[in-house]
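User: I am new to this structure. Please show it, and let me ask how each label was reached.

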Amino acid sequence: MKENIIKVENLSKSFDISSKDPGLKGTIKHFFKRETKNIKVIKNITFNIKKGEIVGFLGANGAGKTTILKMLCGLIYPSEGKLAVAGYLPYKRKTNFLNNITLIMGQKQQLIWDLPPIESFYLNAAIYDLEKFEAKRRIRKLAEMLEIDKELYIPVRKLSLGQRMKAELLAALIHKPNILFLDEPTLGLDINAQRNLRKFLQTYNKETNATICLTSHYMKDITSLCKRVICIHKGCITYDGKLEKLLKRISPVKDLLIICKTDKDAKELCNLGFAIKNKNQKEITITIKNDAINFTLKEILNKFDIEDLYINEPPIDEIIGNILVKEKV
Amino acid sequence: MVYGNKKIYGNGIMNLKKYIKIYSLFLYTSVASELEYKTNIMIDFITAILSLIGSIFLLSIFFQNTDNIGGWKFEQALIIQGIYTILNGITNTWFNPNLTEIVKHIREGTLDFVLLKPVDSQFFISLKKLAPSGFLEIVLGVTLLFYCIGINQINMNLGFYILCFTTLFCSIVILYSLWFLISTTTIWFVKTWNATEVLRSFLYIGRFPLNSFSFSLRIFFSIFIPIAFITTIPSEVFLGLAKFWEILLEVVVSGIFFIISRRFWLFALKYYTSASS
């Protein structure tokens, strides 16, 4: 059995957050007398993550995903509870712990803006105490995997967002971390760049058995990378388990696209009392509960002469969008 | 469940070789970044020369109708100007590019990258960048000092050099610590640009001998904002006027300021909340 590399028990985090009334009066009041409230943004969460797992943290904006990630990598102090990452207390930021982890943030960059990325890589190599030969070897290998060999010598400011993100990844992985914290790594990237990044992360996980904790608003990131998801709602865990199971549990329905041969059939089908999701002339999409599929299909095929028929899962974005705002899944 | 920090082989002792290597790369990347913008460097060089000429001109106006101000002759006051120019050069070379950046790091949350590196965070944010144009000011300041040594007929020996270097080094440490302390408060107050500007304004005052100010101002600039330690005492060392206890006091004050700045930084980091994503 694989060991737990991340252990979290009853972890909470509170912040003092000030609020301001609108308008000039509110601004003046805010300037002289600031009212702050202590808000518990993470509430007694408990979970474990095994070595080599890829876990997706799902939640609406402000749910607390990034705060959890930042506590796990040691950037912020927890208010209550226990946590251990690779056997270390993250917030102590011991050298051996820092050599084991990396944080990649889609919206922030660490590369030196006016210089080619290779200069930042060598600087990071020195920070992680790597020999020049070893650093070169790692840069070459990661650059090949990320397909950015040519871009290594072009100033960062002249690179596209996708190329820059790849270079950021290389800079963050040069020390071969065992645990990767990724906060919306595909933010703002086009579809191809997103796909390449996901492919790279899959390969990296396979080759190094690294543990990956990921937050993303792109559901494709979650579905193609994570077998396990942790849903966060208002600082609490509402679901922790397999993504597949979650989808089955929260989406007990399927979409049935029926293409009728005649308009008359299409009209009659609409009058049978099914939940119609979409109608476009002879094409009708109805939503059916999973346990009623067989019966419904038989009924439709017996009654109508249909041209074609498709059974689809509802779009994952739609399903997950619904659960992000639920108290309990 | 086993919680706690495993002590493996990290012993916390600064690996000097590693830090020298990192710093040499900081130097290289900063100079290489600056060299991308040639015109900017030229403008900075011209500004440094004009600034020194302007300061000497201002000083000469003060001395137009009098031989001395607060017991200092024009030739002696030039020493303070020389030391001020060196300190201003150091400020522009290291402090300005790095310490003003702390505010940005904290506001935008890029301090995250610094804190997650296995390197001392104070070292990293204090020395990562460098503005080569400040070098010219340092060279100009040193040249002016040597000129002053000549016109004031100062006797130079090894002891003189050691004392000058020590007091100058302590001045740099005091200035750095003050600036760093103010920048650290950004962790709570988020924006402290103005406070560092006020500090720079006080440093301008350091161009003039402390004795030229009133008693109350002298006390203020000695205790609350130790400008006296920053420029006046090193100048007195150059002129052979400094008392031993003054030099010792400067060493102690610089040590205390540095320790406070270091402790305060480590304490403040506990309150760092990072910027939201």
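User: What does A:Ala210 touch, not counting residues up to four places away in sequence?

Analyst: A:Ala210 touches A:Pro177, A:Asn178, A:Ile179, A:Leu180, A:Tyr204 and A:Asn205. Two residues are in contact if their C-beta atoms, placed from the backbone, lie within 7 Å. This is a predicted model: local features need pLDDT of at least 70, side-chain atom pairs count only at pLDDT 80 or more, and totals for chains, interfaces and linings use all residues. Residues are numbered from 1 along each chain as its sequence is written, while chains are lettered from A and ligands numbered from 1 in the order in which they are written.

User: Why does A:Ala210 count as buried?

Analyst: A residue is buried if 20 or more other C-beta atoms lie within 10 Å of its own, exposed if 12 or fewer, and partly exposed in between. A:Ala210 has 23 C-beta neighbours inside 10 Å, so A:Ala210 counts as buried. Its place is the loop between α7 and β7 (211-215) of chain A. Helices (H or I, at least four residues) and strands (E, at least two) are DSSP runs, numbered from the N terminus.

User: Why is A:Glu184 called partly exposed?

Analyst: A:Glu184 has 19 C-beta neighbours inside 10 Å, so A:Glu184 counts as partly exposed. A:Glu184 sits in the loop between β6 (179-183) and α7 (191-208) of chain A.

User: What is the phi of A:Glu184?

Analyst: Phi of A:Glu184 is near 45 degrees, a positive value in a residue other than glycine. Most residues other than glycine have a negative phi. Phi of A:Lys234 is also near 45 degrees. A:Lys234 is in the loop between β8 (228-233) and β9 (236-242) of chain A. With 16 C-beta neighbours inside 10 Å, A:Lys234 counts as partly exposed.

User: How do you know that the length of α1 of chain B agrees with its residue count?

Analyst: The expected span of a helix is 1.5 Å times one less than its number of residues. Helix α1 (residues 16-35) of chain B has 20 residues, so it should span 28 Å. Its end C-alpha atoms are 28 Å apart, which agrees.

User: What makes the buried residues of α1(B) line one face?

Analyst: The buried residues are B:Ile22, B:Thr29 and B:Ser30. Seen down the axis of α1(B), they fall within an arc of 100 degrees, so they line one face of the helix. The arc is that of the directions from the helix axis to the C-beta atoms. They pack against α4 of chain A. The face turned away from the buried side carries exposed residues, including B:Leu16 and B:Lys17.

User: How many residues of chain A are in contact with chain B?

Analyst: 38 residues of chain A are in contact with 29 residues of chain B. The largest share of chain A's side, 5 residues, comes from α4(A). By class, that side has 18 nonpolar, 7 polar and 13 charged residues. Ala, Val, Leu, Ile, Met, Phe, Trp, Tyr, Cys and Pro count as nonpolar, Asp, Glu, Lys and Arg as charged, and the others, Gly among them, as polar.

User: How much of chain A is buried?

Analyst: Buried residues make up 38% of the 329 residues in chain A.
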